Amino acid sequence: MSTATIKAPESGKTPPVPGGGQAPVKPGADDGRIGLRANLRHIGALVRRCALQIKQDPESMMDALLMPIVFTLLFVYVFGGAIGGGGGGASRDQYVQYLIPGMMGMMSMSIAMAVGTGINEDFRKGVMDRFRSMPIARSSVLIAKSLVEVGRMLVAIVVLLAVGLLCGFDLNGHWLGMLGAVGLTALFGASLLWIFILVGLSMETAQAVQGISFLVLMPLQFGSSVFVSTDTMPGWLEAFTKVNPLTHVADSARGLMLGQGAVAGPVMWTVIWAVGLTVVTAPFAIAKFRKKV
Amino acid sequence: MTSEKTTNAVEVRGLVKHFGETKAVDGIDLDVREGTVMGVLGPNGAGKTTLVRMLSTLLQPDAGTAVVAGYDVVRQPRQLRRTIGLTGQYASVDEKLSGWENLYMIGRLLDLPRSEARKRADELLERFSLTEAARRPASKYSGGMRRRLDLAASMIGRPKVLYLDEPTTGLDPRTRNEVWEEVQNIVADGNTVLLTTQYMEEAEQLASELTVVDRGRVIAEGRVPELKAKVGGRTLEIRPGDPGEVTRMVGALAQAGLDGVAGATADEAQGLVSVPIVSDEQLTAVVGLLGARGFALADIATHLPSLDEVFLALTGQKATHKDDENALEEVAA
């Protein structure tokens, strides 16, 4: 290249020679795959990143810490007396028993919503492009994010149970049942994450993600057995609550923690929903994540 | 030239990427020799960022081939990612994390053992003069510090090829110089760099060879001095205190027989004398001579050819600034 060459914009160069030239393509002895241990290490580093983000920005934990407190106080003290049959204190105590297990699934759903906005931010701020140009499995970014969100769900559930106990919730020694209910709720919440990841990847801005997620959440949360028994609802709504997974999650938690009502049916449906949602949405989310420009 | 003997770190042949109707990259050929800095110069929307995104496996090309450090971008993306570093408009750091935490995280993601990752983070913060700010969140960094941290982040894996996508866009001139200095140090270490820029001056400062792109195509390529010779280099613009003196001034310069003054022109209407700058010594000599001859100067300034002038000189037409192309490049980013 001893002289500067000027080409008219119309003229192209010689057609491409695949893999030709002075830098031959190396044969695939090392195919660059990421081993399991390396993968776990990457996920660990990315989980640490999310934890540091929370430490730097404690406000991002507000939803997990405050939501269970606000909702519990609101429902127990505003609606509790009326819903429990208008008998004041006694019916309020009854309602606490009904409400606390029911709200566990709802908490995990509300927390799951945040994952979409987080992923959306990462893309807009450009961090994601650095990750995606690095020799790590692209899924590890999503897995780390999901693990942290499940952790946040557990925090919210613990706060919920603590507030519940203060408001008079009585576990009656169903400790194992409680652990089972917490595990089941976290499993359900984890399956929801993939939907919100998908939403976060599909929307243009974080605000849009929040808006659309909220619209989906409200009918699901109230059109279920989370807050009240579905007996008094009109037929069409009751039919909806029967397929609403939040009803199954709430009924399972009640069955496990109170030792009343059916357990096997709701638990089975919760597991089916959780596995089904993951199987259907996770591949889409990962594919979309890989291809997103 | 020894280009036949050295290997190419980057070889691009007929690379194409279209977004719908827009031909973002429309058949680009590009060679970057090992250990050199290739500047890709072009206006907004010329396809620079799209090119870099394809070369860093973030975008799939529609046609053509690209081989980086011996790995094909389409067939061997995983191996390729081990050999590149990326800094730019979009490949950024995590703002909520501190500088140190960002570098440590990237070290761990690149499979450095913990102690090694710690050492490397300290080392690079020191090298990019960020030790004092190491524990502060990146969101609190100034523009220049952010870019230096971006650079440090891309250097952790000791990449064979470093992409710098518009490393100084949006920085003020002083900060720009700071970043240039760092890039020059990186280059002095023998790294291969592919740099995209909108600024002729930046290309001139950092790159040894240039590829000029417009509308997704290469419109000129060559070594910087050669392209500069075509385009014209810096000029010195002198405004005498008395506008009537411009002709006398050119005469005095010609009489003294200084380098490059044959090209000096007097613009009587503007009251301005322009002298092509051929060297720093000549610049000093010209100003010194005018002082010695008792000319009162109202203003002196050096002037670099703008990107528009470069394009005008190279193609006879203005660079395209199609807004829809800009928008698309931004979406792609």
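First, the ground rules. This is a predicted model, in which local features need pLDDT of at least 70 and side-chain atom pairs count only at pLDDT 80 or more, while totals for chains, interfaces and linings use all residues. Residues are numbered from 1 along each chain as its sequence is written, and chains are lettered from A and ligands numbered from 1 in the order in which they are written.

Chain B, then. Its secondary structure comes to 12 helices and 14 strands; helices (H or I, at least four residues) and strands (E, at least two) are DSSP runs, numbered from the N terminus. Of the 333 residues in chain B, 50% are buried, where buried means that 20 or more other C-beta atoms, placed from the backbone, lie within 10 Å of the residue's own. Among contacts in chain B with a separation of 6 or more, 68% are between residues 24 or more positions apart; a contact has C-beta atoms, placed from the backbone, within 7 Å.

Back to helix H3 of chain B, residues 99-109. How many of its 11 residues are buried? The count is 11 of 11, with Trp100(B), Glu101(B) and Arg108(B) among them. These buried residues pack against helix H1 (36-56) of chain A, and also against helix H4 (114-127) and helix H5 (143-155) of chain B.

Next, strand E1 of chain B, residues 8-19. E1(B) is mostly covered, with 9 of its 12 residues buried. On one hand, E1(B) pairs with strand E2 (residues 22-33) of chain B, antiparallel, over 9 bridges; strands pair if DSSP finds at least two bridges between them. E1(B) and E2(B) form a hairpin with 2 residues between them, and Gly20(B) in the turn has a positive phi of about 60°. On the other hand, E1(B) pairs with strand E4 (residues 63-68) of chain B, also antiparallel, over 5 bridges. Val16(B) has a bridge partner in each: Asp26(B) in E2(B) and Ala63(B) in E4(B).

Further along chain B there is an open sheet of 4 strands, in the order E12-E13-E11-E14, with antiparallel pairing. Strands E12 (265-267) and E14 (297-303) of chain B each have a single partner strand, so they stand at the edges and one side of each has no neighbour in the sheet. On average, neighbouring strands of this sheet are turned by 20° against each other, direction ignored. Axes here are lines fitted to C-alpha atoms, for helices over the stretch in contact, and angles run from 0 to 180 degrees between N-to-C directions. Helix H9 of chain B, residues 246-256, lies across E11, E12 and E13 of chain B, at about 25° to E13(B).

Last, a helix pair in chain A. The axes of H6 (residues 175-202) and H9 (residues 245-258) of chain A come within 8 Å and cross at roughly 165°. That makes H6(A) roughly antiparallel to H9(A), the term for angles over 145 degrees. The contact involves Gly177(A), Leu184(A) and Phe188(A), among others, from H6(A), and residues including Val249(A) and Leu256(A) from H9(A). The residues of this contact divide into 9 nonpolar, 4 polar and no charged. Ala, Val, Leu, Ile, Met, Phe, Trp, Tyr, Cys and Pro count as nonpolar, Asp, Glu, Lys and Arg as charged, and the others, Gly among them, as polar.

Note on methods:
Contact = placed C-beta atoms within 7 Å. Parallel < 35°, antiparallel > 145°, perpendicular 65-115°, else oblique.
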